[in-house]
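Begin with the annotated positions, and then turn to the fold and the pairing of the chains.

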Number of protein chains: 2
Amino acid sequence: MWMEQKLCQLNRVEQIQDPQGFTRLGYSEAEYKSHQQFIRTAEELGLHTYQDKVGNQWAIWEVHPDAKAVALGSHLDTVYNGGGYDGVAGVLCALAAIKVLQDKQFRPQKNIAVVCFIAEESARFGISTIGSKAISGELAIEELEDVSDMEGITVKQAVEQMGINWEDLTKATLPVPKLEQFLEVHIEQGRKLQDSQAKIGIVTGIARPVRLQVTAYGVANHTGTTPMHQRNDALVALAPLIPYVSRETAAMNKQEDPHLVATVSTVTVKPNSMTIIPSEVQFGIDIRSVNDAAKQQLVTNIKQYCLELAEEHHVTVDVKTLVNNQSVQLDDTIQSKLTHVSKQLGFKTESMVSGAGHDVMNMATRWPAGLIFIPCRDGISHQPNEYTETSNLVIGTKVLAAYLQTEAIQ
Amino acid sequence: MWMEQKLCQLNRVEQIQDPQGFTRLGYSEAEYKSHQQFIRTAEELGLHTYQDKVGNQWAIWEVHPDAKAVALGSHLDTVYNGGGYDGVAGVLCALAAIKVLQDKQFRPQKNIAVVCFIAEESARFGISTIGSKAISGELAIEELEDVSDMEGITVKQAVEQMGINWEDLTKATLPVPKLEQFLEVHIEQGRKLQDSQAKIGIVTGIARPVRLQVTAYGVANHTGTTPMHQRNDALVALAPLIPYVSRETAAMNKQEDPHLVATVSTVTVKPNSMTIIPSEVQFGIDIRSVNDAAKQQLVTNIKQYCLELAEEHHVTVDVKTLVNNQSVQLDDTIQSKLTHVSKQLGFKTESMVSGAGHDVMNMATRWPAGLIFIPCRDGISHQPNEYTETSNLVIGTKVLAAYLQTEAIQ
């Protein structure tokens, strides 16, 4: 079947399930090779292809260079040992929708573009959605400077190894200048669709993160010789923040419904030696909601609680904001239309927010934009066992095709 | 002054305070060179020297090869960036006591031996007191096999680089076969002497550790897409154990007086990534008391609390005992005699337990043994700013000399 064959080709494997998963980092040879597979399929469909200056790979079903345009797409890069659907599903459904329309002899009156945004995942450089940021005019070159991956390769070196000109990175432009709207299909990476047995998630907004770095400074001392009452243990001081964040976030969700999630996801203890009392402890906290006010309220509460912990335990606690992103609302009209065509096709829809970031959040800053989710098994993503049935990819494709039939005609 | 000069020579520096401290790891060239300095000073005092098969360096004021003997000593190795007194103070006071007795024309009737035990610190290989374990018959060669340092050098390689025969390591024997007792002087590494303004700590016992490794297993998931009520966050589950250990230990000390200390000193979180809910969390817990029953009671309480946390948070919690050492009681008669001579010299004594391990704990398994503490500034040890005044070294020396005058005569 075409869909399964292309899924494997874009992932460059014979079979889609692999215990090691896939590692196609942004600006890597592996990502480049998947882009080449994309080009091959696009050419099979008679599309013409184009690489913009940041490295996004485009395929265009062109009516006329000056025609209005609709763009679809997602990305082909992955995290370390990720799955074969995060990103790929969106590119594949877009190509498949064009194939469906071509098979139906549909004659679009607008250009239809499919894009593979480069370097969507933050896995390699700690910076996400580089390609869609660039095309939306959201990329600050300064934030890429002095950034390197685990092997010490800088973004600049990686970019140049792919034959892309570093100086031109922010000068990426659309191959379809009269773009009217952008649409992304993505696996949900959550369990709401599975739990509600809906087939299509209509995304209303994208919860972007606030990230805090909380550091407590105590005094290192010998674990054997320092009596309990003479300690300034940074870990004992800061540990209550972990259940606090979990409890407080759950409570805020009960009072209203801000779809707030917060996680103490990283911990560093110094010196982390069996015989020495912890002198420095650092937590990384990831806070997300489409409701920016709820995020800020939680930050305020965390800061207040840290003050209390510092006073109670005679340590210094420092709270630093690493990331403070405004959340993104998606286009209402597009949501209505997507709901409409989905229902017409007989697919149960569910309105929802996205807890994860996607390329569409950048596109939405400049163009009307929409995001639909298809189910993924048990909500598991960024893991080798990430999976969705081919039938779900077909459903995504059908919705896109039906949507294009109404949008690409006038 | 002889004392300060020898302190610098044993540390092989011009001045004892160094912002970087000293790094003389066990079985290293640096430790070897300090042993050579020890030999030089011993020879100046007319002592004859001997290296046993594990690498301990001895100096003997010999009356007759078959005479009864008293041994004194400590070690010359240090942790990474340690101070100039931990270990060195005990070796120095022992040599100085011999000098004092020689200057007084004292004629011992027993052999008096001074020993520098090799590799006392666990800093390099994670295994402590290798030299004193070997001479006490407590060294199991199996526990040294397959152990290597941060640079991948195995104990065997390090030992052989020092010209020591690996096969003979456990065959170390005393150069003074009729040993009657062993005495160690050490800096306190705590603040009790400073706080009570006593000059000599008479140690009653050595609190040896129980060490636990507690691991919680949850489920990794995306921090942005997983609602609070659908999480199995291993960190949220296990975090309450940190304040519990601190609180419970303090409470047990209030009820009775087991001199119990316990520390969650190491934390490992997996995957420790900002966007992924912690799936595995591991704590290292160090528990010490001279009261073995108190240690076991705390272990029991911790295990019970872990069961409660596992049930409450729907995670698996595994508690593994890494180390379970019986604490060591030191010889009562020696304690009385040391208290007596100290008071006769006009030094205020304080009876106390040692929260840290020392070579004497191994010697005490075979011979009557004693340990005296001298003050160290603010209790700081294992740090470059570890410090004690020369006057405290002189006090330790005077007590040793006075003790030998009564013990080495009949």
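**Briefing on the annotated site, the fold and the pair**

His382(A) sits in the loop that runs between β13 (369–374) and α12 (390–407) of chain A, where helices (H or I, at least four residues) and strands (E, at least two) are DSSP runs numbered from the N terminus. This is a predicted model, in which local features need pLDDT of at least 70 and side-chain atom pairs count only at pLDDT 80 or more, while totals for chains, interfaces and linings use all residues. Residues are numbered from 1 along each chain as its sequence is written, chains are lettered from A and ligands numbered from 1 in the order in which they are written, and side-chain values use heavy atoms, with hydrogens and water left out.

**Annotated site**

- An unreviewed UniProt entry places the feature "binding site" at Asp86(A), Glu121(A) and His382(A), and such annotations may be inferred rather than shown by experiment.
- These positions are spread over 297 residues of sequence, yet they cluster in space, with a largest C-alpha distance of 10.1 Å.
- Asp86(A) is found in the loop between β3 (69–75) and α3 (88–103) of chain A, and Asp86(A) is buried, with a relative accessible area of 4% (buried means under 20%, exposed over 50%, and partly exposed in between, with a 1.4 Å probe and protein chains only).
- The side chain of Asp86(A) makes a polar contact with that of His75(A) at 3.3 Å, and the side chain of His382(A) makes one with that of Glu121(A) at 3.4 Å; a polar contact is a pair of N or O atoms within 3.5 Å, of which, within protein, one must be able to donate a hydrogen and the other to accept it, and residues adjacent in sequence count only if both atoms are side-chain atoms.
- Leaving aside neighbours within four places in sequence, the residues in contact (heavy atoms within 4.5 Å) with His382(A) include Asp86(A), Glu121(A) and, from the other chain, His222(B).

**Fold of chain A**

- Chain A contains 12 helices and 13 strands, and 59% of its 410 residues count as buried.
- Along its principal axes, the C-alpha trace of chain A spans about 80 × 50 × 40 Å.

**Pairing of the chains**

- Chain A can be laid on chain B with an RMSD of 0.2 Å by a turn of 179 degrees and a shift of 0.1 Å along the axis, with the copies superposed by least squares on the C-alpha atoms of residues with pLDDT of at least 70 in both.
- The two copies are thus related as by a two-fold rotation axis.
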